[in-house]
Amino acid sequence: MATYHSHTTQILLEGMNNMKLAPGLHRIGNDIVALYLVVTDDGITVIDAGLPGQWHDLAKELATIGRTVGDIRGVILTHGDSDHVGFAERLRRDHGVAVYVHSADAARSRGEEKTSPAWGSLKVGPLLGFMGYSIRKGGLRATHLKEVVPVSDGDVLDLPGAPVIIGMPGHSPGSIAISVPAVDAVFVGDALTTRHVLTGAVGPAPAPFTDDPAEAIESLRRIAGLSATWVLPGHGAPWSGGVSEAIRLTTAAA
């Protein structure tokens, strides 16, 4: 179902699972936990690795588009939290796929450090939905990474789509956004959300479980100059209203 907001022209695509958003741009998962594929003639870049059980969703989408795991050239994690690390170690260990993580989140992705950020407000229904989906998709048996390739702000990776790394500290010290002009998109991880997993609120807003909420809002300026149509979070519907409007609404909701 698409929800239209009369005050802008953007569309929030809600309640959908795997989908093709645009040529070369695919979402895997749903509004609770999502990851993305950038698909080119040279191969595939995976953005985030969701939950371990979303491996099966990945396999289904690859089969749908006539590709295989062998076409994946790299995985980039927007940060090192377990619901983004997901099946990344399986790709690295079993298929030799390099996993790229900001150096400040490398230890987190390897399970070497723990955090306990404040939860904030919540509603029982959305919380149970998030927990239930996470459990069904193997969230309790997350496998941490054994090896990572560290990246830094400003890096342009030699991967399909030529992804550009943008440092976005706040949700975690090594949170990043990934700009891929080839598919008119910026992948923001938990720098913002379009569906709050603890309250069910829909629309661009700060993400929960954030280490430093003030720094996370300040980091949004780092993507302000991007002209991408798509702003793609790790939780929530794809946002097609552009970067500026996503930042404005997130800041207003802070």
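Residues are numbered from 1 along each chain as its sequence is written. In this predicted model, local features need pLDDT of at least 70, side-chain atom pairs count only at pLDDT 80 or more, and totals for chains, interfaces and linings use all residues.

**Exercise 1.** Describe the largest pocket and its lining.

Step 1. A pocket is an open set of points on a 1 Å grid over the protein atoms alone, where a 1.4 Å probe fits, with protein on both sides within 12 Å along at least five of seven lines; lining residues have an atom within 4 Å of a point.

Step 2. The volume, meaning the space filled by probe spheres set on the points, is about 850 Å³ for the largest pocket.

Step 3. Its lining has 29 residues, and Asp81, Ser82, Asp83, Phe130 and Phe209 lie nearest the centre. Helix H2 (82-85) and helix H5 (124-136) are the elements that give two or more residues to this lining. Helices here are DSSP runs of H or I with at least four residues, and strands are runs of E with at least two, numbered from the N terminus. H5 supplies five residues, the largest share.

Step 4. Ala, Val, Leu, Ile, Met, Phe, Trp, Tyr, Cys and Pro count as nonpolar, Asp, Glu, Lys and Arg as charged, and the others, Gly among them, as polar. The lining then divides into 13 nonpolar, ten polar and six charged residues.

**Exercise 2.** Is Asp48 buried or exposed, and where does it lie?

Step 1. Asp48 is in the loop between strand E6 (43-47) and helix H1 (55-64). Its phi is near 70°, a positive value in a residue other than glycine.

Step 2. Buried means under 20% relative accessible area, exposed over 50%, and partly exposed in between, with a 1.4 Å probe and protein chains only. Asp48 has 3%, so it is buried.

**Exercise 3.** Give the strand order of the sheet that contains E10.

Step 1. Two strands pair if DSSP finds at least two bridges between them.

Step 2. Four strands form an open sheet, in the order E10-E11-E12-E15, with mixed pairing. Strand E10 (164-167) and strand E15 (230-233) are the edges, each pairing on one side only.

Step 3. E12 and E15 pair in the parallel sense over four bridges.

Notes:
Heavy atoms only, no water.
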